Amino acid sequence: MNHVNNATVRESGSAITVGEVRAALEAAYPPHLAESWDRVGLICGDPQAPVDTVAFALDCTQAVAERAVEMGAQMLVVHHPLLLRGVHSVAADTPKGRVIHTLIAGGVALMAAHTNADSARPGVNDRLAELVGITPGRPIRPTDPHAERLDEATGLGRIGTLPAAMPLKDFVQQVANALPTTAWGVRAAGDPEQMVRTVAVSSGSGDSFLDAVRELDVDVYVTSDLRHHPVDEYLRAGGPAVIDTAHWASEFPWTQQAAQIVADRTGLRTEVIDIRTDPWTLSAHPQG
């Protein structure tokens, strides 16, 4: 776990509340930036409850919920909403219900900042852009396509340039070196010797942007969860090289950004839970 700050109360001596932490996060990642299908905000917990420690993770798995309780956190902030799709029961003998019961019994509020954090500046995509080596510029899909300064506009994805062009194979290695390690690793499609400099990134699942990226003047697109047929059609239509990372790896670095925001704005103790919630645990290649 990465510890960010030790302070637990404001100067007046009164406790910071769940609601105030929520307000700090919503100021950084405004809910109106979320996609219409998304479900962001407070999932469980009392907004009036006091907080001295806030934990951060990408997903609220059972192991993450248990770790948050074990470390004495009163609030857990995640990227992926636990209840994104409708459920009819949160009974303790269902997977999501068990998570909710663990948190409530342990006195831990749960909040999600998802596509609002993807679009915000700075947000998930800015952190990904910085890690792969570019200065985050305009979004792939700006919230306001008519904004006066697109390079500062909110929206999904980011476009930027490397300090110097390099072969695709070297950039793929640079991405692999920069992101958290997973069993999945990093794979790419394109000429290994092709020189690349202009880069588009989209954190998490980004195949919905393949058509948009094909129309952009970029050399390579970095995202996650790419599928065989969409990538094949995209490349045959003249799309630039693509790099496919593990979904968890492209977004987990955001947790440190969010933790720092809460620490700076509230003075609370914040810790990133370093459990790898990427579901893939093994990969193999033929021997010999």
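Reader: Which residues have the most contacts inside the largest nonpolar core?

Author: In soluble globular proteins, nonpolar side chains tend to be buried together. A nonpolar core here means buried Ala, Val, Leu, Ile, Met, Phe, Trp, Tyr and Cys residues joined through side-chain atoms within 4.5 Å, with buried meaning under 20% relative accessible area (1.4 Å probe, protein chains only). The largest one has 48 residues, and Tyr29, Val54 and Phe171 have the most contacts inside it. Helix α10 (residues 254–266) gives the most, five residues; helices are DSSP runs of H or I, at least four residues, and strands are E runs of at least two, numbered from the N terminus.

This is a predicted model, where local features need pLDDT of at least 70, side-chain atom pairs count only at pLDDT 80 or more, and totals for chains, interfaces and linings use all residues. Residues are numbered from 1 along each chain as its sequence is written, and side-chain values use heavy atoms, leaving out hydrogens and water.

Reader: And what does Phe171 touch?

Author: Contact means heavy atoms within 4.5 Å. Leaving aside residues up to four places away in sequence, Phe171 touches Val132, Leu162, Met166, Val196, Val199, Val220, Val222 and Ile243.

Reader: In what order do the five strands of the open sheet run?

Author: Strands pair if DSSP finds at least two bridges between them. Here the order is β10-β12-β13-β14-β11, with mixed pairing. β10 (158–167) and β11 (186–189) each have a single partner strand, so one side of each lacks a neighbour in the sheet.

Reader: How many bridges join β10 to β12?

Author: Six, and the two strands run antiparallel. Arg158, for one, has Val201 as its bridge partner in β12.

Notes:
Buried means under 20% relative accessible area, exposed over 50%, partly exposed in between (1.4 Å probe, protein chains only).
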